[in-house]
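Please look at the sequence and the model, then read on.

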Amino acid sequence: MVAEKGTVDRKRDSQALKGLLGVRDLVLGGGVSPGERLSEVWLAEKLGISRTPLRAALARLEQEGLLEQIPSGGYAVRGFTTADVFDAIELRGVLEGTAARLAAERGVTPAKLKAIKGLILELDKCFRDRPEDMLFAQYVELNAEFHSMLAGLAGSDMMRREVERATQLPFASPSAFLEKQEDVLAFRLSLVHAQRQHRDIVSAIEMREGSRAEALAREHARLARHNLEFVMEEDRSLITRVPGLTLIST
C-alpha cells in the first residue's frame with residue numbers, strides 16, 4: 001500500500017512539473033498571446049496531463065507573474081511594458097546587492113569563498129581570444145550557478161529564498177537575455193564586462209567592503225537592462241528569439 005502511494009505521488013509530482021514547464025514554455029515562446037485566455041481543456045490535451053496538476057501549474061505561474069486571473073474565471077497571459085521589465089531587473093539588483101552586502105558584513109566561510117572563486121575560474125575558461133569562439137552555453141549555465149551561490153553567501157535562508165523568487169520574475173533572471181543568443185556578438189562582448197564584475201563582487205565580499213559589494217551587484221544586474229535595450233532599440237529581429245519578449249508592448 002505504501003509503495004503504491006509513493007508511485008501515485010511521484011506520478012502526480014511529475015505531471016505537475018510537466019504542466020509547469022509546458023505552460024511556461026508556451027507563454028515565453030510566444031505560443032499564446034498577451035491577454036489570451038488559457039483553455040484548460042486545450043492545455044491538458046496539448047501537454048498530455050490531467051486538469052488537476054495543470055491547475056496547480058497555472059496558479060504557480062500566476063504567482064510568478066506570467067499569468068493573471070480574469071474575472072470570469074481562469075487565467076490569461078499577462079502582458080508587460082518595458083518599464084515592467086526594467087522594474088523586475090532593478091528589484092533583482094536590489095536583492096542581490098543586499099545579499100552581497102550582508103555577506104561582506106557578516107563574513108563568508110573559507111569553504112564558500114573557495115567554492116565561488118573556483119566557479120569564477122570555471123567561468124574564465126569559457127572565454128577565448130575571439131568572442132565568436134567563447135563557450136557561450138557553458139557560460140550561461142555557470143552564470144546561473146554563480147548567482148545562485150552569491151545569494152547564499154550571507155548564510156540567510158530568507159535572503160536566498162527572496163533572491164530566488166526575484167529571479168523568477170519575468171525577464172529578471174541573470175540569463176534572461178542570453179539563452180539561445182549565442183550568435184549575437186554584442187551579447188558575447190557584454191560577458192567580458194560581466195565576468196569582471198563577478199570577480200569584483202567576490203573581491204569586495206572577501207575584503208568585507210559591504211557598500212562596495214552592494215553597489216557592484218546592483219550595477220551588475222543592470223547588464224540585463226542594457227541587453228534588453230539593445231534588442232528593443234537596435235536589433236528588433238531578436239524579439240522573437242529571446243524567450244518572453246513577445247509579451248512586451250513598446
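## Residues and overall form

Ser190 is buried, as its relative accessible area is 18%. The model behind this value is a predicted one.

Q: In which helix is the place of Ser190?
A: Ser190 has a relative accessible area of 18% and is therefore buried, the limit being under 20%. Its place in the chain is in the helix of residues 185-206, which is helix 8.

Q: With which residues is Ser190 in contact, leaving aside neighbours within four places in sequence?
A: Ser190 belongs to helix 8. Once its neighbours within four places in sequence are left aside, the contacts of Ser190 are Leu223 and Asn227.

Q: How many Å apart in space are Asn227 and Ser190, C-alpha to C-alpha?
A: Asn227 lies in helix 10, residues 223-233, while Ser190 lies in helix 8. Along the sequence, Asn227 and Ser190 are 37 residues apart. In space, their C-alpha atoms are apart by 8.4 Å.

Q: Is Asn227 buried or exposed?
A: The relative accessible area of Asn227 is 9%. Buried means under 20%, so Asn227 counts as buried.

Q: Which residues is Ala217 in contact with, leaving aside neighbours within four places in sequence?
A: Ala217 has its place in helix 9. Its relative accessibility is 1%, so Ala217 counts as buried. With neighbours within four places in sequence left aside, Ala217 is in contact with Glu96, Gly97, Ala100 and Ile201.

Q: What separates the C-alpha atoms of Ala217 and Gln197?
A: Ala217 is in helix 9. Ala217 and Gln197 are 20 residues apart along the chain. Between their C-alpha atoms the separation is 7.8 Å.

Q: Which residues does Arg212 touch, not counting residues up to four places away in sequence?
A: Arg212 is also found in helix 9. Arg212 has a relative accessible area of 40%, so it is partly exposed. Not counting residues up to four places away in sequence, Arg212 touches Asp200 and Ala204.

Q: How many Å apart in space are Arg212 and Met159, C-alpha to C-alpha?
A: In sequence, Arg212 and Met159 are 53 residues apart. C-alpha to C-alpha, the value in space is 19 Å.

Q: What is phi of Arg208 near?
A: Arg208 lies in the loop between helix 8 and helix 9. At 48% relative accessibility, Arg208 counts as partly exposed. Its phi is positive, in a residue other than glycine, and is near 65°.

Q: Why do the buried residues of helix 2 line one face of the helix?
A: In helix 2, residues 40-47, the buried residues are Glu40, Leu43, Ala44 and Leu47. Seen down the axis of helix 2, these buried residues line one face, because they fall within an arc of 100°.

Q: Which residue, with positive phi, follows helix 2?
A: Helix 2 covers residues 40-47. The residue that follows has a positive phi, near 70°, and is Gly48.

Q: What separates the C-alpha atoms of Ser39 and Thr109?
A: Ser39 is found in the loop between helix 1 (2-28) and helix 2. At 31% relative accessibility, Ser39 counts as partly exposed. Ser39 and Thr109 are 70 residues apart along the chain, and the separation of their C-alpha atoms is 50 Å.

Q: What is the radius of gyration of the chain?
A: The chain has 10 helices and 4 strands. For 250 residues the globule rule gives 18 Å, and the chain comes close to this, so it is as compact as a globular protein of that length; its radius of gyration is 20 Å.

Q: Which percentage of the 250 residues in the chain is made up by buried residues?
A: The C-alpha atoms fill a box of roughly 55 × 55 × 35 Å along the principal axes. The chain exposes about 13,100 Å², with carbon and sulfur atoms supplying 52% of it. Of the 250 residues, the buried share is 44%.

Q: How many Å apart are the mean positions of the positive and negative charges of the chain?
A: The chain has 35 positive and 37 negative charges. The mean positions of these two sets are apart by 4 Å.

Conventions:
Residues are numbered from 1 along each chain as its sequence is written. This is a predicted model: local features need pLDDT of at least 70, side-chain atom pairs count only at pLDDT 80 or more; totals for chains, interfaces and linings use all residues. Side-chain values use heavy atoms; hydrogens and water are left out. Buried means under 20% relative accessible area, exposed over 50%, partly exposed in between (1.4 Å probe, protein chains only). Helices (H or I, at least four residues) and strands (E, at least two) are DSSP runs, numbered from the N terminus. The arc is that of the directions from the helix axis to the C-beta atoms. The radius of gyration is taken over C-alpha atoms; the globule rule is 2.2 Å times the number of residues to the power 0.38. Accessible areas come from the Shrake-Rupley method with a 1.4 Å probe; for residues, only the protein chains shown count as cover. Lys and Arg count as positive and Asp and Glu as negative; His and the chain ends are not counted. The place of a charge is taken as NZ of Lys, CZ of Arg, CG of Asp or CD of Glu. Contact means heavy atoms within 4.5 Å.
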